[in-house]
Amino acid sequence: MHNLLLLLVGEYKRMLEYKIAAASIVVALIWIGVLYLTEITDITFIFPLLLFIDTTSMAILMVGVTIFFEKQEGSLRAILVAPINKTDYLLTKIISTITASIFTLIILYLYSLLFKEMNLSIFGLLGAVIITALFHALVGIILSYYSKDFTGLLMNMFKYMLIFMLPALLDQVNIIQHELLNKILYLSPTKAAMVLLYAPTGSASSGELIYSLGYLVFGSVILFIFVIKLFDSFAAREGGV
């Protein structure tokens, strides 16, 4: 536990050093700009949509950026020979990513309380953001494993967005209205994330909520086992061992 805390402090310092924290603030300001520019006073429908984009795409991107910065600095080689538990190392990546998503949620929520109308529970949103960011931080780590460079990561992220995120967005704004396609979308983790993020609006049934929660929690456990098993070969390859 002590090592995990030390690693986490180091991770936050690297986020500041690599300007990742600054980028996270800029993205939060962009979302505020979107809310500011919309003429809609009641943003109960739009708010979860912005969180969906942030906690899926940004979680993947942020964890990928930190891994590639460390790879460039040769840190992965040092990790292999240092007395660092790889589980702790990976947990710091996930926790710091979730922290950034929570930070964005707090900033947007405070702005919305002050300048807009919204009928959403902060606790419901908080739980949904944590679970969604957890799952997609793990997706980001896996995509980093299979990306040769940062451009490759962006391409893999784009493919993920095209296959999983875009259909869930189109479904949420009722552009996809085919009954069979709507049911198939429940196989997607992004549909589960969307259900959880919109649950505070009261739009999800109890069955949908339980299914989506179970999907992302169980899926996160499976992905975490996967990223641990693949870490040694990734670090050895990228560290030049």
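**Reading helices, salt bridges and a surface patch**

Trainee: Let's start with helix α2 (residues 20–37): what should its 18 residues span, and how far apart are its end C-alpha atoms?

Mentor: The expected span of a helix is 1.5 Å times one less than its number of residues. For the 18 residues of α2 that gives 26 Å, and the end C-alpha atoms are 26 Å apart, so the two values agree. The helices here are DSSP runs (H or I, at least four residues; strands would be E, at least two), numbered from the N terminus.

Trainee: Before we go on, what am I looking at?

Mentor: This is a predicted model, in which local features need pLDDT of at least 70 and side-chain atom pairs count only at pLDDT 80 or more, while totals for chains, interfaces and linings use all residues. Residues are numbered from 1 along each chain as its sequence is written, and side-chain values use heavy atoms, with hydrogens and water left out.

Trainee: Back to α2, then. Which of its residues are buried?

Mentor: First, the cut-offs: buried is under 20% relative accessible area, exposed is over 50%, and partly exposed lies in between (1.4 Å probe, protein chains only). In α2 the buried ones are I20, A21, S24, V27, A28, W31, I32 and L35. Look down the axis and these residues fall within an arc of 145 degrees, so they line one face of the helix. That arc is taken from the directions from the helix axis to the C-beta atoms. The other side of α2 has L29, Y36 and L37, which are exposed.

Trainee: Why do residues three or four places apart in an α-helix point the same way?

Mentor: An α-helix has 3.6 residues a turn, so residues with that spacing point the same way.

Trainee: How many residues of helix α9 (residues 189–198) are buried?

Mentor: Ten of the ten, so α9 is largely enclosed by the rest of the structure. The list runs P189, T190, K191, A192, A193, M194, V195, L196, L197 and Y198. Notice K191 in there; its relative accessible area is 8%.

Trainee: What does K191 form a salt bridge with?

Mentor: The rule for a salt bridge is a side-chain nitrogen of Lys or Arg within 4 Å of a carboxyl oxygen of Asp or Glu. K191 pairs with D171, and their closest N and O atoms are 2.6 Å apart. This pair links distant parts of the chain, with D171 in helix α7 (residues 150–172) and K191 in helix α9, 20 residues apart. D171 counts as buried too, at 10% relative accessibility.

Trainee: How many salt bridges does the rule give?

Mentor: Seven. One of them joins the side chains of E11 and K93, at 3.0 Å from N to O. E11 sits in helix α1 (residues 2–17) and K93 in helix α5 (residues 86–115), so this pair ties together parts that are 82 residues apart in sequence.

Trainee: And are E11 and K93 buried or exposed?

Mentor: E11 is buried, at 0% relative accessibility, and K93 is buried with a relative accessible area of 1%.

Trainee: Which residues are linked with E11 and K93 in a network of salt bridges?

Mentor: R14 and E70 are in the network along with E11 and K93. The side chains of K93 and E70 are also joined by a polar contact of 2.5 Å. A polar contact is a pair of N or O atoms within 3.5 Å; within protein, one must be able to donate a hydrogen and the other to accept it, and residues adjacent in sequence count only if both atoms are side-chain atoms.

Trainee: Last one: which residues form the nonpolar patch on the surface?

Mentor: Patches are made of residues with over 30% relative accessible area and no salt bridge; like charges are joined within 9 Å, and nonpolar side chains (Val, Leu, Ile, Met, Phe, Trp, Tyr) within 5 Å. Here the patch is L180, L181, I184, L187 and Y211, with about 500 Å² of accessible area together. Those areas come from the Shrake-Rupley method with a 1.4 Å probe, and for residues only the protein chains shown count as cover. Helix α8 (residues 179–184) gives the largest share, three residues. L180 lies in α8, and at 52% relative accessibility L180 counts as exposed.
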